[in-house]
Amino acid sequence: MTTKISHTADVQAFFSEVAGLDHAAGNPRVKQIILRVLQDSARLIEDLDITEDEFWHAVDYLNRLGGRNEAGLLAAGLGLEHFLDLLQDAKDAEAGLTGGTPRTIEGPLYVAGAPLAQGEARMDDGSDPGVVMFLQGQVFGADGAPLAGATVDLWHANTQGTYSYFDSSQSDYNLRRRIITDAEGRYRARSIVPSGYGCDPQGPTQECLDLLGRHGQRPAHVHFFISAPGHRHLTTQINFAGDQYLWDDFAYATRDGLVGELRFVEDAAQARDRGVQGERFAELAAIQAFELADLFILKKYRRQGIGRAVALQFLGGEGDWLLRCYAQDAPAVAFCNAVLAGLSRPAQAITLEDEPDLLSFLVSGARH
Ligand SMILES: [Fe+2]
């Protein structure tokens, strides 16, 4: 039988003393948190029969985690950062705050103070031979009106999946910019198509993930902070459709409504018009607001098992949101049309009977 002592008055009094509760000096909030950490750690040690070897291995692990600056990476990989988003979503729902672009994790690789530009910016320093990517979007306030003067702080990885400041081969603030939205709330950026990335295979985060039987890969994505005086700060991302890790992200950052589509253009005249050398470039459909109520309707249908027959795609662009519903056969198209007819946004159902590869790609990319 497991011996347990953490509940006894003596041990509880000891933890209170350790947490500084027997004197006034110090920070009451920190004392409250540390007391809880001690109480919960003691229960975990007792309940799971943690051995001394396991305990000291964990202490060593924390030392190594900090030594490699990977605490933030582990917080993402263990889903705690995503949990914070879910908790904030639930608080918002309780407060009746719905709609708008969903939040998602910041990750550990933000650097403050990126160069500031009005309306548009080039984000890359020209040293990476990646495909040129144009992205643009429009920021709206909670009232649905375009928001001029908002700050859109963007950052993303290069074609090797690494970030400036964390990869010393890149110039300062490479692929990091802050753009102030114009009178219509719009921002535009030229950059390069980023690559996804993974945890260092030799690092402590991957060491933990290995023990959980999990990979440490993320899909290609672009990070956003969006802020404006008098408005709540939004932390979010666009994750790229077509990436094999889109819905298998070790950091759980991909969310419905945050999937962007890269459209590759191969046209020498268009490339020249946009100042691109060669003939190939990409455009990323950017985040725009959509109605959460619409999304819930679709989730409900997917839970009923119909979701395997369809893949849903939100496309932002110059105009309103377009919701596309890709269907594998005529009955699924009929289903899509019935669902889409009830939505307030422009929508279309597309049959992919003749394009099985594209269909299987889209359906496998849709979250079930
Ligand atoms: Fe990232």
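## A tour from hairpin to helices

Start by selecting the hairpin of β9 and β10: 6 residues lie between its strands, and among them you can look for glycine 230, which takes a positive phi near 80°. Keep in mind as you go that this is a predicted model.

Now extend the selection to the strands themselves. β9 and β10 run antiparallel to each other and are paired over 6 bridges. To see one of the pairings, show phenylalanine 224 and threonine 236, its bridge partner in β10.

Stay with β9, residues 221-227, and colour it by burial. Of its 7 residues, 5 are buried, so the strand is largely enclosed by the rest of the structure.

**Across to β4.** Pick histidine 156 and you will find its bridge partner, valine 222, in β9. As a reminder for the viewer, strands of a sheet pair through backbone hydrogen bonds, either parallel or antiparallel.

**The whole sheet.** Time to zoom out. Which strands make up the open sheet, and in what order? There are 6, running β1-β5-β4-β9-β10-β11, with mixed pairing. Select β1 (116-118) and β11 (259-260) to see the edges: each has a single partner strand, so one side of each lacks a neighbour in the sheet.

For a parallel pair, look at β10 (residues 234-240) beside β11, where 2 bridges make the join.

**A pair of helices.** Jump to α1 (residues 9-18) and α2 (residues 28-47). How far apart are their axes, and at what angle do the helices pack? The axes are 9 Å apart and the angle is about 145°. The crossing of α1 and α2 is right-handed. Show side chains for Phe15, Ser16 and Val18 on α1, then Leu35, Leu38 and Gln39 on α2, and you have the residues that make the contact. By class, this contact of α1 with α2 has 4 nonpolar and 2 polar residues, with no charged ones.

**Last stop: confidence.** Finally, colour everything by pLDDT. The protein averages 84, and 77% of the residues score at least 70. Two stretches to pick out are residues 286-311, where the pLDDT is below 50 and the model has 62 contacts beyond near neighbours in sequence, and residues 361-368, also below 50, with 16 such contacts. Where pLDDT is low, the predicted coordinates should not be read in detail.

Key. Residues numbered from 1 in each chain as written. pLDDT = per-residue confidence, 0-100. Contact = placed C-beta atoms within 7 Å. Pairing = 2+ DSSP bridges. Helix = DSSP H or I, 4+ residues; strand = E, 2+ residues; numbered from the N terminus. Axes fitted to C-alpha atoms, helices over the stretch in contact; angles between N-to-C directions. Left-handed = near helix turned anticlockwise from the far one by under 90°. Nonpolar A, V, L, I, M, F, W, Y, C, P; charged D, E, K, R; others polar. Buried ≥ 20, exposed ≤ 12 C-beta atoms within 10 Å, placed from the backbone.
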